[in-house]
Amino acid sequence: MENGPLQVLTVPTAPYPDQRPGTSGLRKKVYVFQSKRNYLHNFIQSIFSSIDLPDRQGATLVVGGDGRFFSRPAIGVIVQMAAANGIGHLIIGQHGMMSTPAVSCVIRKYKAIGGIILTASHNPGGPNGDFGIKFNTANGGPAKEEVTSKIYQISRTIEEFAICPGLRVDLQTLGKQAFDLENKFKPFTVEIVDPVESYANLLRNIFDFAALKELLSGENHVNIRLDAMHGVLGPYVKRILCEELGCPANSAINCVPLEDFGGQPPDPNLMYATDLVDSMRDGQHDFGAAFDGDGDRNMILGKHGFFLTPSDSVAVIADNIFCIPYFQHTGVRGFGRSMPTSTALDRVAKATKIELHETPTGWRFFGNLMDAGMLSLCGEEGFGTGGDHIREKDGLWAVLAWLSIIATRRQSLEDILKEHWLKYGRNYFTRYDYENVDIDAACNMMEDLEILISDKSFVKQRFAVEDKIYQVEKADNFQYTDPVDSTITRNQGLRIIFSDGSRIIYRLGGTGAEGATVRIYIDSYERKLIFEDTQVQLAPLATIALKISQLHHRTGRNGPSLIT
């Protein structure tokens, strides 16, 4: 306990117009938070002010993050402001670190009012990188739009913030710290917790750890390679996969969290997870996975680097869902995918007679369905997969789900996927990202494109490329009516659906810190199994997508920044 009560101050401030949280919170360059006076304080106060005072008085709040540059000073401010705003108890991961899935788990376990996660996910870190602040609500999931809109409105008119500047917390030592504040009857407490343990306990209750240990360290074990990309998940991989499930220590790489993630974006895809991709080529590893900065995304590879698309991943997990003991006990209430994700999951849902939900991009839409008992498994094409055990996508959960399927079926990842394609047919899927595009140019292109595809004459148009002919069957701007509360979410992506089921989708992305990201998604279904390269197979549709949008001309870009 500190000597004497600590002073609580009310500090005048001026609003900023650009603190609108996206689906993944507020993301900006680090220098924005560092150089703009009270920029961090304003946004944190806006979060606290969005919670009614009686609800936050004495409440518990969870704080964690991926450990990126600027996290520690930001946590110091959050602690001081939480105390001044009536929060009674903070739970913080040791060293200020806790994966996004673990934060969701801890919020739910301790019935906290919510959590603040300091992450910019797969975006670059370091002094010249990105920083982000995300608010999760009491269900453990990302705040709904009405909450983020309220935070934004408060941020536009904020005049003052409350802070306890003399409060200093030790982030290294496990246990509780108590602080007396002036005009407060009860001490403000901060509890530093092991960031892995609660989450590991949850996984032990979902998967058969004995079967996984036999798979990973038994007599006929598989060799795996796991790349934490210097993000928050390193200690989780070491503790759960290596120490508990018996993987050799050298099977886990890049497991020391770094503020700049080793100079590379912690983005688990074929472009950035090069350490994993290179180490899988020679065939000495049967299974590989990489994780992003905050641990909610995953990329999975088979032997010789055989690439598993996120769209196929969720479909195969759905088809083998009872290999996971958790679902044997709970049953399966529904499947879900984001609209741009390939329709591979739809075919499993139809065959198993389980309802499928197609939602906008953003995990909060899945969370609403899960809270209503309508959804058990879901996925997004952006390397996100998860179940209803928490309200976030979960990279390590996805890997253990796949290892559970391999342990049950005793087949390689590649053989399991090829059998799936034989059974259901194959969806060829790709995404082209055009990053840091001029915002006005991107918006104008999207507006003109919507006018074009909304014209009645656009439907039934035919497009010919080489020997392929595609006829438009439907074109629209996707909107979603939530079956739980009937809220309508509009303008979620321009869709062109062809008579053979192929789709071209255009969206403006929202997870970058600068400029706009234009994304083109291409999805094509083949019932007959052919082993064609994805980019070759989808080249005709890619040509059509660029012709219709005139993207290269409208944005000045000759090619995408990233292909996944």
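1. Helices and strands here are DSSP runs, numbered from the N terminus, and in this predicted model Gly125 sits in the loop that joins strand E5 (114-118) to strand E6 (130-137). Gly125 counts as buried because its relative accessible area is 17%, and the cut-off for buried is under 20%.

2. Setting aside residues up to four places away in sequence, the contacts of Gly125 are Arg68, Asp130, Glu259, Asp260 and Phe261. Ile453, by contrast, is 328 residues from Gly125 in sequence, with 39 Å between the two C-alpha atoms.

3. Ser104 belongs to helix H5 (residues 100-109) and is counted as buried because its relative accessibility is 0%. Beyond its neighbours within four places in sequence, Ser104 makes contact with Gly140 and Gly141, and also with Ile390, Arg391 and Glu392.

4. The model has 2 cavities of 30 Å³ or more, and the largest cavity holds about 100 Å³ of space. Its lining is made up of 16 residues, with Pro21, Gly25, Lys134, Phe135 and Thr148 nearest the centre. Helix H2 (39-49), E6 and helix H6 (145-157) each contribute at least two lining residues, and E6 gives the largest share, 3 residues. By class, this lining has 9 nonpolar, 5 polar and 2 charged residues.

5. The second largest cavity, with a volume of about 30 Å³, is lined by Asn298, Met299, Ile300, Leu308, Pro310, Ser313, Phe383 and Thr385. Two or more of these lining residues come from each of strand E13 (298-302) and helix H11 (310-319), and the largest share, 3 residues, is that of E13. The lining of the second largest cavity divides into 5 nonpolar and 3 polar residues, with no charged ones.

How values were computed:
Residues numbered from 1 in each chain as written. Predicted model: local features only at pLDDT ≥ 70, side-chain atom pairs only at ≥ 80, totals over all residues. Heavy atoms only, no water. Helix = DSSP H or I, 4+ residues; strand = E, 2+ residues; numbered from the N terminus. Buried < 20%, exposed > 50% of the residue type's maximum accessible area, 1.4 Å probe, protein only. Contact = heavy atoms within 4.5 Å. 1 Å grid on protein atoms, 1.4 Å probe; cavity = no way out; pocket = protein on both sides within 12 Å on 5 of 7 lines; lining within 4 Å. Points joined across faces, edges and corners; volume = space filled by probe spheres on them. Nonpolar A, V, L, I, M, F, W, Y, C, P; charged D, E, K, R; others polar.
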